[in-house]
Amino acid sequence: MSNNIQSVRGMNDCLPDAADTWQGFEAIVRDWLRRYGYREMRTPILEHTGLFKRAIGEVTDIVEKEMYTFVDELNGESLTLRPEGTASSVRAVIQNNLLYDGGKRLWYTGPMFRHERPQKGRYRQFHQVGVEALGFAGPDTDAELIVMCADLWKELGIAPTLQLNTLGDHASRQRHRQKLIAYFEAHQDTLDEDARRRLHSNPLRILDSKNPAMQALNDAAPKLMDELEDEALAHFEAVQALLRANGIAFEINPRLVRGLDYYNRTVFEWVTDQLGAQGTVCAGGRYDGLVEQLGGKPAPAAGFAMGIERLLALIEVGGHPIATPVPDAYIVHAGEAAQAYAWQVAAALRSAGLAAVLHCGGGGFKSQMKKADASRARFALIIGDDEAAAQQVTLKPLRGTGEQTRVEVALAIDILKQA
Ligand code: HAM
């Protein structure tokens, strides 16, 4: 075994049983997005490194230490496997001038890559469903993004809780930043190494520290709330009013600052305590400056992304089970005439829209029936030379009770469709 090549650490295979569940989940998500009028967009997994540096911010954990960045040896370009989808979405929207006739509601799904320390719920290749509303400035958009999440949670049978905060606008953040720097400078002795490094580059991220020794200092730090402009405050209050009107419970968490620099005003996270340390299943917010920052005509924007692995884990501990497909019939056959007839029967079933697994590889009835059972099929469809001669099949239910019956193929198809 040790000589065999294994998958890259933190990057997992999605085997058939899991893939069935993923497909079921994706079908639910696609339909949910359709009902909200969002349209899918697909962007490349590789982008120029500069895109993420500019969008996410040079002094963020993601850009500083988590990106899979390499030089394309064929032309010397620095490329990066996307660590998230917002930067690529905004790049594509600008490049293709998608906002020329007004706002766009977009979504995407796929693998993202971050070189984090792998643990339960945290992977180096993970998957997101991301939703971006570009060109919409009002608090109604922020609220709708949150309401639509709540709607999906209900459908999935899970109940993460909503944490909400506002980061204000540029001017208030600048004022707050200056006050924070002054405050932390006055307490240099208490700062840990991370905080010292971030003091002048990204003091807001110091507030996000998990270090218990930093807690008291952070608790007493200047609050952004005290600096907010009237407009940002009114926006935040309008979001909250819409959430209340739609029966969405939330908790305001002034500590919620997010790990990406592009946010302003509303930020939110859906969290659960049922998954251990990695409890954020979905997160996002408003990012009004990003389109302009990446070279587009100024346009407001907001969005979120959910981690598929984490959501599926949460569904597994207490959500509605996701329906997964099983074959309708496993076709067992022995004898030359039976085999020829079995091929015809399989084709007839498939034309009727049924999933039919045709036994391959020979063997007696007994060993074939074992394979039928293992295939998870609902019925075994048995064909011996007798059946072949009579142009009939024997239908044996493999799950629950029910009698074995010998019928014409057309009737077998009816039974399989109704069962
Ligand atoms: P994010 O908070 O970095 O935001 O990631 C969103 C979600 O992706 C997280 O809440 C989590 O569920 C999942 N996730 C992140 N990292 C990992 C990991 N290493 N392993 C497993 N799951 C992970 C963004 O990515 C923003 N682009 C969201 C956004 C969209 N904001 C506006 N629009």
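The structure is a predicted model, in which local features need pLDDT of at least 70 and side-chain atom pairs count only at pLDDT 80 or more, while totals for chains, interfaces and linings use all residues. Residues are numbered from 1 along each chain as its sequence is written, and side-chain values use heavy atoms, with hydrogens and water left out.

The domain assignment (automatic or from a database) gives domain 1 (16-169 + 229-318) and domain 2 (329-418). The centres of domain 1 and domain 2, taken over C-alpha atoms, are separated by 47 Å.

Helix 12 (residues 336-351) and helix 15 (residues 409-418) have axes that come within 10 Å and cross at roughly 45°. Helices are DSSP runs of H or I with at least four residues, strands are runs of E with at least two, and both are numbered from the N terminus. Axes are lines fitted to C-alpha atoms, for helices over the stretch in contact, and angles run from 0 to 180 degrees between N-to-C directions. Helix 12 and helix 15 are therefore oblique to each other (angles under 35 degrees count as roughly parallel, over 145 as roughly antiparallel, 65 to 115 as roughly perpendicular and the rest as oblique). Tyr341, Val345, Ala348 and Leu349 of helix 12 make the contact with Val409, Ile413 and Leu416 of helix 15, contact meaning heavy atoms within 4.5 Å.

Glu47 lies in strand 2 (residues 46-48). Residues up to four places away in sequence not counted, Glu47 touches Phe52, Ser78, Leu79, Thr80, Ser88 and Arg91.
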